[in-house]
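My entries follow in the order I made them.

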Amino acid sequence: MTDFTLHDTNSAPEKSKPLLENSQKAFGMIPGLHAVMADAPTVLDGYQKLHQLVLDSSFDNDETTVVWQTINVEHACHYCVPAHTGIAKSMKVSDDIINALRDETPLPSDKLEALRTFTLAVVRKRGEVNSEDLNAFYEAGYQRSHVLEVILVLSQKVMSNYINHIAETPVDEPFQKFAWKKAK
């Protein structure tokens, strides 16, 4: 068991207090991940900025969810898979997509499957993808800008997945019904 503090606006370092207030406004609560990150205000600030940049990317809600959850599942993040299941539902992503990502089964479209395959290649090869990986991605309809945006999302997810592993962040109550464990 780790001893990371789940901060609120009373216990957080001064520079984290307005960031936690932003989280409260955006999510109607302070997510446990943000409560942990508040120990280091620059980390929470960076994460919130990355999150907004991901939302502002050219990916639609289905595609954003595919990249987020592909990385979450690959990293076996006990916190992010349930949280992003709830987020995907609020973004009106279909249960077919949500369940395929959680269960690591085929996605309902070839284009989304190509996005998942490319995202996994980037993660597993630590960015050293080959021309076959890139060509398959481009043939599915994606562009160089999407390659870069996958890396943007990966940057956000490395922060959250790794922090959740180390801090053993408890899953927030609204997402507990989406509890998940990686299939062996």
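**Entry 1: Glu-168.** I began near the end of the chain. Glu-168 sits in the segment after α9, a helix that covers 144-167. I took helices as DSSP runs of H or I with at least four residues, and strands as runs of E with at least two, numbered from the N terminus. The phi angle of Glu-168 is near 50°, a positive value in a residue other than glycine. I then checked its cover. Glu-168 is partly exposed, because its relative accessible area is 38%. My classes are buried for under 20% relative accessible area, exposed for over 50%, and partly exposed in between, with a 1.4 Å probe and protein chains only.

**Entry 2: ground rules.** The model is predicted, so I noted the limits: local features need pLDDT of at least 70, side-chain atom pairs count only at pLDDT 80 or more, and totals for chains, interfaces and linings use all residues. Residues are numbered from 1 along each chain as its sequence is written, and side-chain values use heavy atoms, with hydrogens and water left out.

**Entry 3: Lys-92.** I looked up another positive phi. Lys-92 has phi near 65°, and this residue is not a glycine either. Its place is the loop between α5 and α6 (95-103). Is Lys-92 buried or exposed? Its relative accessible area is 71%, so I logged Lys-92 as exposed.

**Entry 4: the whole chain.** I counted 9 helices and 0 strands. Read from the N terminus, the order is α-α-α-α-α-α-α-α-α. The C-alpha trace spans about 50 × 30 × 30 Å along its principal axes. How does the radius of gyration of the chain agree with that of a compact globule? A compact globule of 184 residues would be near 16 Å, and the chain has 16 Å, so the two agree. I took the radius over C-alpha atoms, and the globule rule is 2.2 Å times the number of residues to the power 0.38.

Entry 5: Buried residues make up 45% of the 184. The chain exposes about 9,600 Å², and 53% of that comes from carbon and sulfur atoms. Areas are from the Shrake-Rupley method with a 1.4 Å probe. I also looked at contacts, meaning heavy atoms within 4.5 Å. Among contacts between residues at least 6 apart in sequence, 67% join residues at least 24 apart. The side chains include 18 positive and 25 negative ones, and the centres of the two sets lie 2 Å apart. Lys and Arg count as positive here, Asp and Glu as negative, while His and the chain ends are not counted.

**Entry 6: cysteines.** I searched for disulfides, each a pair of cysteine sulfur atoms within 2.5 Å. The structure holds 0. Cys-77 is in no disulfide; its nearest cysteine sulfur belongs to Cys-80, 3.6 Å away. How accessible is Cys-77? Its relative accessibility is 0%, so Cys-77 counts as buried. Cys-80 is buried too, at 2%.

**Entry 7: His-75.** I moved to the loop between α4 (61-74) and α5 (80-90), where His-75 is found. At 16% relative accessibility, His-75 counts as buried. Which residues touch His-75, once neighbours within four places in sequence are set aside? I listed Val-123, Leu-154, Val-158, Asn-161, Tyr-162 and His-165.

**Entry 8: Ser-16.** Ser-16 lies in the segment before α1 (17-27). With 0% relative accessibility, Ser-16 is buried. Beyond neighbours within four places, Ser-16 is in contact with Ala-38, Ala-40, Pro-41 and Leu-44.

Entry 9: Thr-117 belongs to helix α7 (residues 110-124). Thr-117 is partly exposed, at 46% relative accessible area. From Thr-117 to Asp-133 I read 8.4 Å, C-alpha to C-alpha, for 16 residues of sequence. Gly-127 lies in the loop between α7 and α8 (131-139). Gly-127 is partly exposed, with a relative accessible area of 44%. Gly-127 and Val-54 are 73 residues apart in sequence and 18 Å apart in space, C-alpha to C-alpha.

Note on methods
Charge placed at Lys NZ, Arg CZ, Asp CG, Glu CD.
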